[in-house]
Amino acid sequence: MEDPFDSERASLPRHMIENSMFEEEPDVVDLAKDSTAFPEFPALDPDEVVYEPRSSRLLVRGLGENDLDDEEEDYESSARLLGMSFMNRSSARSPSASPYIRQAPPRSCSRPSARMLVVGVFILVLVTSMAMVLYFLPGCTFTKAGCPKANSSTPMELVYPNSTNGELFPWNELRLPASVRPVNYDLSLTPNLTSMTFTGRTIINMIIQHDTKRIVLHSSELNIIKATFQVGEGKSVEVKVLEYKPWQQIAVSFPEDLKAGQVCVLTLDYAANLSHTYDGLYNSSYNDKTGAKRVLAATQFEPQAARKAFPCFDEPAFKATFLVRITREPEYITLSNMPKAKTTTLPSGLLEDEFEQTSVNMSTYLVAFIVANFTSVTRNVSKTLVSVYSVPEKKEHTHYALDTASRLLQFYNTLFEIDYPLRKLDLVAIPDFLAGAMENWGLITFRETSLLVRNQSSSLDKQLIANVVAHELAHQWFGNLVTMRWWNDLWLNEGFATYWQYTSLMTEFPQLYLDNVFLEERFKAMAKDSLNSSHPVSVSAQVTTPEQVSEMFDSITYEKGASLLLMLSSTLPDGQFRKGLINYLNKYNGSNTVTDDLWNSITQAQVLPQQESVSDMMRTWTLQKGFPLVTVSRKGGEVTLTQEPFLLSADNATYTSSLWHIPVTYVNDSCSSAPSCRQMFTLRNKTATLKVSESVKWLKLNYMNTGFYIVHYGDEGWAALIDALKTDVNTLTPHDRASLIHNIFSLSRLGHVSFRQVLSLLDYTTNETETAPLTEALSQLSSVYRLLDKRQELGLVARMKAYILGHFGPLMDSQDWGEQESVSSQELRSALLEMACSLGRQNCTEQATALYEQWTNSNQTNRIPGDLQRVVFSVAALSDAGWLSLLDTYRHTIDDSEKRKILQALASTQDPRHIVWILSEGLEGGIIHTQELPLVISTVSDRFAGHLFVWDFVKESWDRIIEKFPVGSYPIQSIIKSTTSQFSTQTHLEEVQGFFSRLKERGSQMCSVQEALETIRLNQHWMDRNLATLRQWL
Ligand SMILES: [Zn+2]
């Protein structure tokens, strides 16, 4: 396996890679040393690590005791730039107590001040060069033996951190050495659900890869009681375990080398508390139908929490087999990745369940186990027993998931031509679970709202369940069978699972109509990727700290990843994409990959001789952030296409001259909506021309919006398209119409078209009836409306409201409120009515109130159609009595999709007392589980009353929030985004900036903070530029 980049690229700091790799200017000096890339097996002996001259005062300190002061930090940065690789400082940010708080920004997002950085780097290089000249004057060289200077009485030595017991810890990097490879784990766990503690024994069989005197592995919050070690057939001896807590590592040192090829066994006995957050082995609870509290224990290990349940080599490339035993009380059941092999009654009366050893090699983050009192429904699908587990009360809500999972399992087995390798597949709904779901091999865990649904629920509710199930099942191949080598390529897992969740359902469950959802997700990914704080899909290897790893779970990794796969699959000749993927799965079955492995596999499946190499094309999309804007200009039959980065910027700076290989597709007025009309052209250079017949009236690029780029048609081009739509809406497909609406709003943000032109396109929508273009128009208008509302531009707010109702009012009023079959109509109806009721349109609020009354008067037996529940509940929650009665229903209902909509209604209240209550309740985790806090916060933020309040709440509760949700994690990204993205004033900008900069290691370095600040600046800029136009034209 090779690196994702050639070695020269890989060694550049991230921002330099982004800014230089596709530019004509010479590359930035390649001085940085990257020692964090995962070494392959076999690799360089990792024991050959960095040595440092003792003469620097920086280096005489142990790690972990003090912060660096500014001067030292500068020294460190410049040293790194000069390739001195001081202890790989870039990876020195620690999980909890960072020894280097004021680090350079995380490399997985770039800062808006790219220029400042370049200037800064230049100055640093200059200053350090001078320092180095002084240093080298006596003729010192860096050697293992030390610098032969006059003061060389202090020889050079490795600088290691201090272990908990004061001894030196024998390793000084966040990534583990590759000198040892685990082969099998034998895990025995005894959770105690009364004392909320557990004990465990982990026996790790391993092979020494290179001679070494140490074994280093991960362990977090585990109290190691005893450790023994055995080499080959030798005697097992007790060994001392050293721990370095900030990096969650433990180590055993040996006086003599362990030799390459030796087989060893490390046995560790330990005790710990069940986690009170959502990762590791954590406790969860729910109230059963009698109101009694029931407890359970479940796991969530991705990305780096397996180490909280058992000591392990907790990196995705250390794959091994696992044998799991769990001791339980008779009233519970246990589940793990594999089928249960046997149950033994222990002398204590407890039962020990032993599971079969995994038949596959797997990464630690995919191990899972559960102790709970769940019940299940099951079905055989070819050689696999599929089961859906839930709390007993909700057994009736598991059937839809079972049907869907069974069908999709068969579908994927056929599609990928590799059968799912395990004999069982469990899908389990956990009452308190943070992520939507987790793809643990053979034991997929879900939130209840992502798995459970009533038979009679609406198809829109079922669409959500199918979506999550399809995603997690795809992971059993993309992620579990073939895993990214390191988190920087997480998109190989998540981009694929996201791509398959839509495409598999579009094929297998066309009635769920996922096309529109996928289109919206692509638009969302573009919004994030048009900011300077975005990052490439496949980032350089500098993703090392837990925060950086957590931040990889974002919409670039998921949705942009999926969008790029869609673009590729829809432009390759028939069959090549699938054939390439089957090659990829077969070649890397059971192992780990980097992005280039994927492109090479698809390239090898090439069917046409003159085809462009997939690697050449796709590297331009995955190695650089952002996406292109294609501008079309036409003179008669000659069409010129020009590409430039689509970068929203508040200071009009141009940052890069990146180029993409863009598979441009287009249709024209003579043939425009059928797939066969599509023509293709690859734009590789800055500009290119193509010929069309002079009689062509207009061109529409990016057919069906399957490409990840935005198109500007110029004034004439837009005018011709607008004309065409006014004449006949159906001249373009609904997705093409949505794509035009999306593109013109984006161009107005960029300042390339005026808001007047936007409104001119929207004029055609009075004849629009399709879901995709209408929901896109509503969502764009609503974001403008909300910004104006938050800014209290009351005059414009009123005019915007009049505009929206003027345009869409008749369509809103014509919606019927009964059960509706088609998912697409449900999507449209709910979007229209939510907008109508939130703008207070009388027809809407009256209908909603009437439906709510029917529902309450019938003792909730007279169902409200699922897609209308949120709007009906939100209207009801406006009154005090309605709000209280909904809260009462929330406490008692066991219908999870209904419950979620009630919660959104409760959180959309305008009553300050209710807002205070719901936020603090969400944080406490009482009636409202803490897992719902991000949803509560984002809903509260949407409305004017909650908007200002919620930001204060987040500031005041920050420390408690990050206790529950790790810094950098998706919930934290969501909380930051929803509370700040509607600010548009200088005061708020300074306020947000000030708050986060004071946080230091509690979150100041997050990419989402950069994104938030950039968004506020852009809002501010947009207001400055557009308020006058809006006043004139709206
Ligand atoms: Zn996933």
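His-475 is buried, at 0% relative accessibility. Here buried stands for under 20% relative accessible area, exposed for over 50%, and partly exposed for what lies in between (1.4 Å probe, protein chains only). This is a predicted model, in which local features need pLDDT of at least 70, side-chain atom pairs count only at pLDDT 80 or more, and totals for chains, interfaces and linings use all residues. Residues are numbered from 1 along each chain as its sequence is written, and side-chain values use heavy atoms, with hydrogens and water left out.

**The zinc site**

The zinc ion is coordinated by NE2 of His-471, NE2 of His-475 and OE of Glu-494, at 2.0 to 2.1 Å. Donors are N, O and S atoms within 2.8 Å of the metal (3.2 Å for Na, K and Ca); water is not among the atoms, so sites may look incomplete. Along the chain, the donors of the zinc ion follow the spacing H-x3-H-x18-E. His-475 lies in helix H6 (residues 459–475) and Glu-494 in helix H7 (residues 491–508), so this pair ties together parts that are 19 residues apart in sequence. Helices (H or I, at least four residues) and strands (E, at least two) are DSSP runs, numbered from the N terminus. Glu-494 is also buried, with a relative accessible area of 2%.

**The nonpolar core**

A nonpolar core is a set of buried Ala, Val, Leu, Ile, Met, Phe, Trp, Tyr and Cys residues joined through side-chain atoms within 4.5 Å. The largest one has 295 residues, and Phe-310 and Tyr-412 touch the most other members. Helix H5 (residues 399–416) gives the most to this core, with 10 residues.

**Salt bridges**

A salt bridge is a side-chain nitrogen of Lys or Arg within 4 Å of a carboxyl oxygen of Asp or Glu. The whole structure holds 45 of them.
|---|---|
| Lys-259 and Asp-211 | 3.8 Å |
| Glu-521 and Lys-524 | 3.2 Å |
| Arg-684 and Glu-612 | 3.4 Å |

Lys-259 lies in the loop between strand S7 (249–258) and strand S8 (263–273), and Asp-211 in the loop between strand S2 (197–208) and strand S3 (212–218), so the pair ties together parts that are 48 residues apart in sequence. Lys-259 is partly exposed, at 40% relative accessibility. Asp-211 is partly exposed too, at 30%.

Glu-521 and Lys-524 are three residues apart in helix H8 (residues 515–529), about one helical turn. Glu-521 is buried, with a relative accessible area of 14%. Lys-524 is exposed, at 51%.

Arg-684 and Glu-612 are 72 residues apart and link distant parts of the chain. Arg-684 is partly exposed, at 38%. Glu-612 is buried, at 18%.

**A buried loop residue**

Leu-366 sits in the loop between strand S14 (351–355) and strand S15 (369–372). Leu-366 is buried, with a relative accessible area of 0%. Leu-366 and Ala-306 are 60 residues apart in sequence, and their C-alpha atoms are 8.6 Å apart in space.
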